[in-house]
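Here is a short report for a reader new to this structure. Please look over the sequence and the model before reading on.

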Amino acid sequence: MNTDLSALQLVLSADPALIAIVKLSLLVSLTAVLLAALIGVPLGALIALTRFPGREAVIVTLNALMGLPPVVAGLAVFLALSRSGPLGSWGLLFTPQAMVIAQAILVAPIIAALSRQTVEDLWVEYRDELAAMNVAAAARVMTLIWDARFSLVTALLAGFGRAAAEVGAIIIVGGNIDGFTRTMTTAIALETSKGDLPLAIGLGLVLIAIVILINALAWGARRAGERYAG
Amino acid sequence: MRAPASDLPITLAEATVRVGDVALLDRISLVLAPGAPTVLVGPNGAGKTTLLRVAMGLLSPTHGRVTWDGREAVSATRRAIVLQRPTMLRRSAAGNVRYALRAAGAPRGEWERRTAELLRLVGLEAFSSRPARRLSGGEQQRLALARALARDPAVLFLDEPTASLDPAATKAIEDIVAAVAARGVKVVMSTHDLGQAKRVGSEIVLLHRGRAIESGTTEMFFAKPQTEEARKFIAGELLV
């Protein structure tokens with residue numbers, strides 16, 4: 001009971017350490033989702049609209065990568081960014097940028113796979129009409145992505161959910177350095193192991209609240225958009 | 001009155017479309033010339049939709065050839081089609097028309113004026129900002145017509161544009177089609193409604209099992225059918 005009250009006090013008093021952790025977590029996860037969307041949405045659309053040998057295998061692989069274990073992604077990024085790795089000269093290991101890269105790798109397959117399905121479904125609906133209007137290939141892709149935008153929000157939310165909740169990848173490539181690479185999930189893991197439950201619980205409450213808030217905002221935007229565009 | 005149509009006449013020579021062993025179109029030879037509306041009639045599965053798609057250039061015949069003003073494989077800049085179940089894009093009614101104008105290459109400066117004109121022509125000016133998917137079936141068909149007319153077509157194909165519409169909505173569509181035909185656009189329409197064929201068509205083509213069974217002026221077709229299939233179809237008997 002005392003632990004719960006302390007957690008609430010931390011949240012309500014806007015503890016600076018807690019605020020810094022929350023800010024970094026949001027910055028890393030939202031940047032990762034943005035990066036992943038820039039890669040995943042066009043990639044998904046491209047796979048949806050093109051036919052090539054091995055397409056089925058690519059789709060199965062993409063779907064399987066939605067379940068990529070975070071620690072494996074973290075390990076791969078760690079090896080690539082470590083001093084002796086191919087990208088070691090970038091000096092990014094144990095920085096927020098490394099965490100963004102790791103999360104983007106985890107999130108991109110989710111956004112690409114869901115975008116592929118969404119765009120393909122809309123393509124079946126639009127195909128004849130766009131052909132009848134003689135719409136050029138590049139314009140078709142843009143039309144499908146634009147008209148599927150409300151459904152694609154769900155793909156972005158799924159990606160954000162993955163990024164906001166994961167701990168395995170960013171703890172490997174970020175190192176959980178206090179005041180520099182410590183995020184909500186890594187802090188919760190650390191504080192729990194140290195026995196500092198008030199901070200862990202406080203962070204947990206904030207994390208859940210943020211995820212609910214972002215989903216609610218996205219849902220509201222989607223409903224408003226659908227009312228306008230149909 | 002528009003400039004002479006660049007895509008007419010459309011000539012089908014022994015045009016055949018086969019899917020496996022099934023002939024959707026079977027050696028159709030037909031000329032769609034400038035002038036009054038041509039109506040394709042026939043029961044479901046007769047090949048009306050396939051013929052419209054071939055004439056529009058959306059589907060290539062597996063045998064035979066199609067030419068537009070004597071040329072093969074020309075871009076469909078002066079042709080437009082309203083599909084049997086048109087898909088409304090996820091935009092407003094005006095957004096749908098603007099999209100069609102842009103796809104047709106209309107100058108951006110003309111979009112607003114022409115969108116308003118086209119919506120007025122089909123009687124949807126009051127629904128301009130309404131999401132297209134929230135319109136009724138008849139309104140969606142009219143919007144699909146406006147979208148097709150945004151291409152400023154020389155020839156307009158209509159695939160059963162009033163199927164499943166009530167009489168009032170059907171009349172609204174037929175009035176627009178008559179107005180469009182009066183402006184010099186060649187209308188080629190499919191229907192299995194004989195009353196509509198009489199009201200709209202100047203020339204009738206009867207299709208059955210992928211073949212053109214009989215064609216002629218509307219008066220001749222209904223007054224003096226030349227084939228047993230045409231006689232049965234006009235009498236309301238089942239063509240199977």
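Is the crossing of H2(B) and H4(B) left-handed or right-handed? The crossing of these two helices is right-handed. Keep in mind that this is a predicted model.

**Two helix pairs**

Start with chain B. Helix H2 (residues 93-103) packs against helix H4 (residues 137-149) of chain B at about 25°. Their axes are 8 Å apart. Angles under 35 degrees count as roughly parallel. H2(B) and H4(B) are therefore roughly parallel to each other. From H2(B), the contact uses B:Ala93, B:Asn96, B:Val97 and B:Ala100. From H4(B), B:Leu143, B:Ala146 and B:Arg147 meet them. By class, the residues of this contact are 5 nonpolar, 1 polar and 1 charged.

Helix H2 (residues 16-49) and helix H7 (residues 149-165) of chain A pack at about 135°, and their axes lie 9 Å apart. H2(A) and H7(A) are therefore oblique to each other. The crossing is right-handed here. On the H2(A) side, the contact residues are A:Ser29, A:Ala32, A:Val33, A:Ala36, A:Ala37 and A:Val41. On the H7(A) side, they are A:Leu152, A:Leu156, A:Gly159, A:Phe160, A:Ala163 and A:Ala164. This contact of H2(A) with H7(A) has 10 nonpolar residues, 2 polar and no charged.

The table sets out the two pairs.

| Helix pair | Angle | Axis distance |
|---|---|---|
| H2(B) and H4(B) | about 25° | 8 Å |
| H2(A) and H7(A) | about 135° | 9 Å |

**The sheet of chain B**

Now turn to the strands. How many strands form the open sheet of chain B? The sheet has 6 strands, in the order S5-S6-S7-S3-S8-S9, and the pairing is mixed. Strand S5 (79-82) and strand S9 (211-217) are the edge strands, and each pairs on one side only. From one strand to the next, the twist averages 15°.

One pairing within the sheet joins strand S8 (residues 203-208) of chain B to S9(B). These strands run antiparallel, with 6 bridges. Among the paired residues, B:Ile204 has B:Gly216 in S9(B) as its bridge partner.

H4(B) touches S5 and strand S6 (155-159) of chain B. The direction of H4(B) makes about 170° with that of S5(B).

**A hairpin in chain B**

Strand S1 (residues 10-19) and strand S2 (residues 22-32) of chain B run antiparallel, joined by 7 bridges. One of the bridge pairs is B:Val17 with B:Leu25 in S2(B). S1(B) and S2(B) form a hairpin, with 2 residues between them. In the turn, B:Gly20 has a positive phi of about 65°.

**Where the chains meet**

Which residues make the contact between the chains? Chain A gives 13 residues and chain B gives 16 residues. On the chain A side, helix H5 (96-132) and helix H10 (197-229) each supply at least two residues. H5(A) provides the largest share of that side, 6 residues. By class, the side of chain A that touches chain B has 7 nonpolar, 2 polar and 4 charged residues.

Notes: Residues are numbered from 1 along each chain as its sequence is written. Chains are lettered from A and ligands numbered from 1 in the order in which they are written. This is a predicted model: local features need pLDDT of at least 70, side-chain atom pairs count only at pLDDT 80 or more; totals for chains, interfaces and linings use all residues. Two residues are in contact if their C-beta atoms, placed from the backbone, lie within 7 Å. Helices (H or I, at least four residues) and strands (E, at least two) are DSSP runs, numbered from the N terminus. Ala, Val, Leu, Ile, Met, Phe, Trp, Tyr, Cys and Pro count as nonpolar, Asp, Glu, Lys and Arg as charged, and the others, Gly among them, as polar. Axes are lines fitted to C-alpha atoms, for helices over the stretch in contact, and angles run from 0 to 180 degrees between N-to-C directions. Angles under 35 degrees count as roughly parallel, over 145 as roughly antiparallel, 65 to 115 as roughly perpendicular and the rest as oblique. A crossing is left-handed if the near helix is turned anticlockwise from the far one by less than a right angle, and right-handed if clockwise. Two strands pair if DSSP finds at least two bridges between them.
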